[in-house]
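I opened the notebook to look up a few residues, one by one. My notes follow the model.

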Amino acid sequence: MTRLPIAFALVALAACSTSAGDGPKAVGAAFTDAFRDTPFTDGMPISAITRDANPLRTIQTYTFVPCQQGRAVCAETATGRAGTLTLEKNQYVVRGAYPGRTFYFDRNGDGFMQVGQVLTPLAWN
C-alpha cells in the first residue's frame, strides 16, 4: 500500500522534469530506480543460479563479491578470482571471475550466462 503513493510521486516528478517526448522514458527510469534491484550498487555479494550447459550437472550456483575497493567483482569471496564489471546496454556484465563464463545481469533479478556461444538463463539475488 505504501508503494502506490511513491509510484504516483515518481510519475509526477518525472512528468515535471522532462519535455513531453521524454516523459515515458523518464517515468520508466524512475520506476526502475525505485523498485528494481541493481546488482553490486550496495556493495553486497550476489548469488546467481542457472542450469549448467553440461548435461551431467543440472543446477549451478555462483557467488559474486565486490572486491578490490569496488574496482572488481570476485568469485566466491573477496579474495577469489577477480573479474571485470561493465555496464553494457543496461546490463551489468561480469567477465573473468569464473573462467570461460560471462554473466549478464539485468536489473530485475534475471539475466543469462554465456559459455562459448551458448546462452543460459539465470536468476540472481
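I began with disulfides, taking a disulfide as a pair of cysteine sulfur atoms within 2.5 Å. By this rule I count one disulfide. It joins Cys67 to Cys74, with 2.0 Å from S to S. The torsion about the S-S bond of Cys67 and Cys74 is about 80°, so I noted the disulfide as right-handed.

A word on the source. This is a predicted model, where local features need pLDDT of at least 70, side-chain atom pairs count only at pLDDT 80 or more, and totals for chains, interfaces and linings use all residues. Residues are numbered from 1 along each chain as its sequence is written, and side-chain values use heavy atoms, with hydrogens and water left out.

Next I checked accessibility. I call a residue buried under 20% relative accessible area, exposed over 50%, and partly exposed in between (1.4 Å probe, protein chains only). Cys67 is buried because its relative accessible area is 3%. Cys74 is buried too, at 1%.

Then I turned to Thr77. I found Thr77 in the loop between β3 (72-75) and β4 (82-88). Strands are DSSP runs (E, at least two residues), numbered from the N terminus. Thr77 has 39% relative accessibility, so it counts as partly exposed. From Thr77 to Pro66 I read 11 residues in sequence and 8.6 Å in space, C-alpha to C-alpha.

Thr102 lies in strand β6, residues 102-105. Its relative accessibility is 15%, so Thr102 counts as buried. What does Thr102 contact, leaving aside neighbours within four places in sequence? With contact meaning heavy atoms within 4.5 Å, I listed Val93, Val94, Arg95, Phe112, Met113 and Gln114.

Conventions. Helices (H or I, at least four residues) and strands (E, at least two) are DSSP runs, numbered from the N terminus.
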